[in-house]
Amino acid sequence: MVESPRYRPSGSIQGVKLGVGPNHPHPVSHHPAFLGEGGFGIVAKCRDTMTNRAVAIKVNKSDPDILQQAKLEIFILEQLRRLDPDAANIVKWNGFFHDGERVCLKFELLDQCLWDYIGDRKNQGLPIIEVRPILGQLTNALSHLGSVGIVHADLKPGNIMVVNRHESPIKVKLIDFGLACPASAVMPGDRVGTVGYSAPEVMLGLPYNEASDMWSLGLVTQGQPPDHVLDSGVYTEDYFI
């Protein structure tokens, strides 16, 4: 069989296949690399055979609930097309395609998450010369999200990506809009986000808005309360890990 230079055979990552072929508007190469995983599925580094560029593909599970969540994420990403991703410090989304029953989202490939960036420094924290631009860029991202009425709802170091760790000054972008929603459509009682970074109103099941993202940003920069405070808390085990 002669292989088409544009469409290559399927590849797999830990049992997850990424199909490519004439029916795929965004074909990807057959040498994907695992980048991360979550409740939704996995993220893989692939090569777009139409542009020959490395991209990040979010491969959602075929579970009905996950598929519905993927549709909601696509809706949010469509709203964010009104923003310049570089000026707004948010990841650039390049569309989606279906692989069987799975919905695959294609994003620009970024370097590493803030967790890993800090970990490379032996978890000793970042100097103020880096903290200042990171904070400025994240508040800029939240300001842009607010301008289109979107709540991210899961701001944490794992969802903040360093564009290129070798470039200075440091540049970061906000990723993962899987739990994001329009502020006007927030449902009281929805406990979204990640324990340890969620705002009190979210944890208590109260109505929330864009301000909850700012609370999460504060926790990203300040971290959890000191151990002696946590140790004396009655409900510490319910909300902190």
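**Salt bridges, a pocket and a cavity**

Let us start with K173, a buried residue with a relative accessibility of 2%; here buried means under 20% relative accessible area, exposed means over 50%, and partly exposed is in between, with a 1.4 Å probe and protein chains only. Please keep in mind that this is a predicted model, in which local features need pLDDT of at least 70 and side-chain atom pairs count only at pLDDT 80 or more, while totals for chains, interfaces and linings use all residues. Residues are numbered from 1 along each chain as its sequence is written, and side-chain values use heavy atoms, with hydrogens and water left out.

What does K173 pair with? K173 and D86 meet through their side chains in a salt bridge, 2.7 Å from N to O. This pair links distant parts of the chain, 87 residues apart, with D86 in helix α2 (residues 85-88) and K173 in strand β11 (residues 172-174). Helices (H or I, at least four residues) and strands (E, at least two) are DSSP runs, numbered from the N terminus. Whereas K173 is buried, D86 is partly exposed, with a relative accessible area of 44%. A salt bridge here is a side-chain nitrogen of Lys or Arg within 4 Å of a carboxyl oxygen of Asp or Glu, and by this rule the count comes to ten.

Another salt bridge joins D111 and R165, again with 2.7 Å from N to O. The two residues sit in distant parts of the chain, 54 residues apart: D111 is in the loop between β7 (102-108) and β8 (112-113), and R165 is in the loop between β10 (160-162) and β11. Both ends are partly exposed, D111 with a relative accessible area of 25% and R165 with 36%.

Now turn to K58, whose salt bridge with E73 has its closest N and O atoms 2.8 Å apart. K58 in strand β5 (residues 53-60) and E73 in helix α1 (residues 64-80) are 15 residues apart, and the pair links distant parts of the chain. K58 counts as buried at 7% relative accessibility, and E73 is buried too, with a relative accessible area of 2%. D176 joins K58 and E73 in a network of salt bridges.

Which residues lie nearest the centre of the largest pocket? They are F40, V43, N159, I175 and D176, from a lining of 33 residues. On a 1 Å grid over the protein atoms alone, a pocket is an open set of points with protein on both sides within 12 Å along at least five of seven lines, a cavity is a set of points where a 1.4 Å probe fits but cannot get out, and lining residues have an atom within 4 Å of a point. Grid points are joined across faces, edges and corners, and a volume is the space filled by probe spheres set on the points.

The volume of the largest pocket is about 920 Å³. Its lining takes at least two residues from each of β3 (33-38), β5, α1, β7 and β8. Why does the pocket lie between two domains? Domain 1 (33-108) and domain 2 (112-229) both give residues to the lining, so the largest pocket lies between them; these bounds come from an automatic or database domain assignment. The lining divides into 15 nonpolar, nine polar and nine charged residues, where Ala, Val, Leu, Ile, Met, Phe, Trp, Tyr, Cys and Pro count as nonpolar, Asp, Glu, Lys and Arg as charged, and the others, Gly among them, as polar.

A search of the whole structure also finds one cavity of 30 Å³ or more, and about 80 Å³ of space lies in the largest cavity. A153, D154, G193, S198 and S216 lie nearest its centre, among 13 lining residues. Helix α6 (residues 211-222) gives the most to this lining, with three residues.

Finally, take a look at the backbone. Most residues other than glycine have a negative phi, and most peptide bonds are trans. S168 and P169 are joined by a cis peptide bond, with omega about 5 degrees, and P169 is in the loop between β10 and β11. N89, in the loop between α2 and β6 (93-99), has a positive phi of about 55 degrees although it is not a glycine.
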